[in-house]
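Hi everyone, thanks for coming.

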Amino acid sequence: MDNYQDSRCLALEKALTDENVDPTSLPFLFLKAITQDFSDNQRIASGGFGSVYKGALRNGMVAVKKLHNKIEVPEEDFLREVACLIEVKHRNIVRFLGYCYETQHTMELYQGRYVVADEWHMLFCFEFLSKGSLTKYVTDASSGLEWRVRYQIIKGICEGVCYLHQQPIVHMDLKPDNILLDDTMLPKITDFGISRRFRENQSKIITENKVGSLGYMAPEFLRSGIITLRTDIYSLGVIIIEILTGSKECPNVNKVLESWTNTFGTSKSTTPLEQVKLCAEIGIDCMHDDPSKRPDIQDIIGRLNETTDISVQLDRFYQYYRQAKQACKPMRITASVAPELRPCCLISESALLDVHPLELCFPFEAKKFQDMSAISQPMIAYDLHPMSTVVLTVKMVEQELPPLDAGMFEILMISMESKTDLQNLESSIGKDCYEIDDELLKRVQELDGEVHAAMLTTAVCPPRDAAHKVVSRFEFQHLVAMDMHPTQPWILTGHNRQISIFMDYDKQVSFMSIDIENKTGKLDRFINGHALVRSVKFIPQKEWFVAGDHKGYIHVYTCPPTMKTIVSFKAADASSVVSLAIHPTYPYLLSATHNGVNGDIKLWDWDKGWACSRHVHLAENYCWAPSVKFNPNDPDTFSAGASPAEQGGLKVWSISPSAQPITTMKHISVTDYDHVSTDEACRDHVVIAEDCKNIKIWDLQTGTHVHSLYATGSFFHHAVACHPTLPLIAVASKDNPYAPVVQFWNSTNYRLEKTVRCTYDSWIKHLGFVGSRRFVIGTDMGIEVLEIDMESLACRHAHRSWGTQQNKHDSGHLLRYLSPA
């Protein structure tokens, strides 16, 4: 090389090591020299538009792409690609170092004489990636790259596509040939020759020039020349499936899982299979013929990050553990009250057994001791009724150092046609003598039962930040009723003789109270120790609030700061106003009264001077009506629940006068209930606390039982509440006599998403959601306001396809702890 080429070589070498150096124009003769005159020995790959050569520098290598001279590439197309390559900078995009666009004059023989001809040279210079393209690594599960590497390649490609779509650039030719790999197998996207960049506010291009690679081009592009960001998503789906299976054909998820199950063999971890299933689902979704039904790249990244976060978290733990051990500082650890929930999936999509999560993470804190219970026996057996979810709480015993291998749990479900069949099985083998062996499986087969199994792994991880916090607490005695204002930070309570409104509860700055006795002059002192105020409700449409007392009166007041009496009227003689409800749009107040023998439900119209427009009389000996509600899924109806089961039930009436209820569900003991939020027009469900153990979901349209929620070792309190817009159910429960907790269940998949311990050691009487970040717990000793991200809680599994069937048979479950070797 001459001095000029030496300077160019040094500049290019600097660009290789310094990512801040911008791409620059490179002379053709310099590129010709470093590729040995574009010799065949230096050629890496060839394609329809050009060839790629290795370029040797003094201290490094580059890749030079030379477009074929015989192919006419419009100048604007070349300059557009150069401009695109200069702007894109990302770890998953091949780094662009420079370009060449020169014309040389040569003498050519033309029709018997020599003429001067122009020879165009168009070249690109990129970083050199030693592992070549992804194409040579595309194999099925039985050979080739291990799963961990394949998963990181998939994730890296997706992150590269995500970056491009943010520009927004459509690559238009995503395929394994255009995915290069560096020494660490990091994938990088290359070849932007036919890419398209959208203008501001542009989301679609229609072209007649349908250029691309067959097998990777989206159907709408082949049919109509339509280009959108989802054009790349289709190609991405094909690549993901190829990485999984070695083939471009859209597969069956079960077949993919079966092939990888054989590859993983007896590995204890379920995480790889979860990732395989997730990637197969993403690939299939991406290849949907309808582009509107393909996921966008942000959604894909979010789904992949769910499983990636697990390995990152464990890496943090082991680093933390090693540092503590090297420092010779003994650590005393304890598990949290319940393990962290992680989204996991089953190997078989058709399995009746749906265990969640399949991996338990026990966070711990160093130098902090707390008594925890250990598993007292290696095997636990219990029954599960049809259409049910059971929560089993597992706790880890305290120990000096975290175990690197915490063992596993083997879960076996034996499903029988009826409870009688299950009892016959138990009697034949002895319920207390379950052993997961060939004899058990043989006996189940003889009785025409089914067996489904899952393996539950465990891990110890570093402590995590609390997902909720207590915003404020208000202490008082004898809470009877509670309501939350939907737009103001106010909590309305009835306790003792008083009605209190706690103002600005986020700051816990003030509250105002009214003594009903002083307002009406009609109320006696306590009767049998019970509070006089029986029910309270805000009327946000009017900025009023109402209270019902034990003498049958309803009192209406203005909201703060005035809190003046508007009216007091009698709802019923010698009865307590036990429940109130406010219609969200109509000027209606619903009241339920009871005198110990029978009761009445009345509809009051405040626009008509509080006239009673609807009256439902509950028959003699009809039991207590603890709650009445308007149905948010059908605003022209209201419901009422009663107990005990022999005389109670739940009924639904129209707000228009009619003699008979629309729906009657008998023999249900309703201690509390609420309407489940849904965005499905055909779905109208209620959650009912039937007794201390049972929380059940019922369909109001059909009057049928949908699902049951159980927690072993716990019993449920009276209180349940549903979020008005999100699929969340809150249930008050106890896992021992002094530990009240609130469980948050997902009303879509019936999974327990979160458990929150109440700071008051007292009976939880009322629960309430306020917006998407506040939750209120009312107890006998006071109320507390929590901050919880409800939207994240509700959407934790929103995009996950679980693919499990509802179990309509009685079944027995076995949980066996397998300690590490």
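**Salt bridges in the predicted model**

Let's start with K277 and E281: both sit in helix α8 (residues 271–286), four residues apart, about one turn of the helix. Helices here are DSSP runs of H or I with at least four residues, strands are E runs of at least two, and both are numbered from the N terminus. K277 makes a salt bridge with E281, with the closest N and O atoms 2.4 Å apart. By salt bridge I mean a side-chain nitrogen of Lys or Arg within 4 Å of a carboxyl oxygen of Asp or Glu. K277 is buried at 2% relative accessible area, and E281 is buried at 7%. Buried is under 20%, exposed over 50%, and partly exposed in between, using a 1.4 Å probe and protein chains only.

A word on the ground rules: this is a predicted model, where local features need pLDDT of at least 70, side-chain atom pairs count only at pLDDT 80 or more, and totals for chains, interfaces and linings use all residues. Residues are numbered from 1 along each chain as its sequence is written, and side-chain values use heavy atoms, leaving out hydrogens and water.

Next, where does K765 lie, and where is D780? The two form a salt bridge, the closest N and O atoms being 2.8 Å apart. K765 is in strand β43 (residues 764–770) and D780 in the loop between β44 (774–779) and β45 (782–788), so the pair ties together parts 15 residues apart in sequence.

Finally, salt bridges link K469, R773, R774, E787 and D789 in a network, and the count comes to 23 salt bridges.
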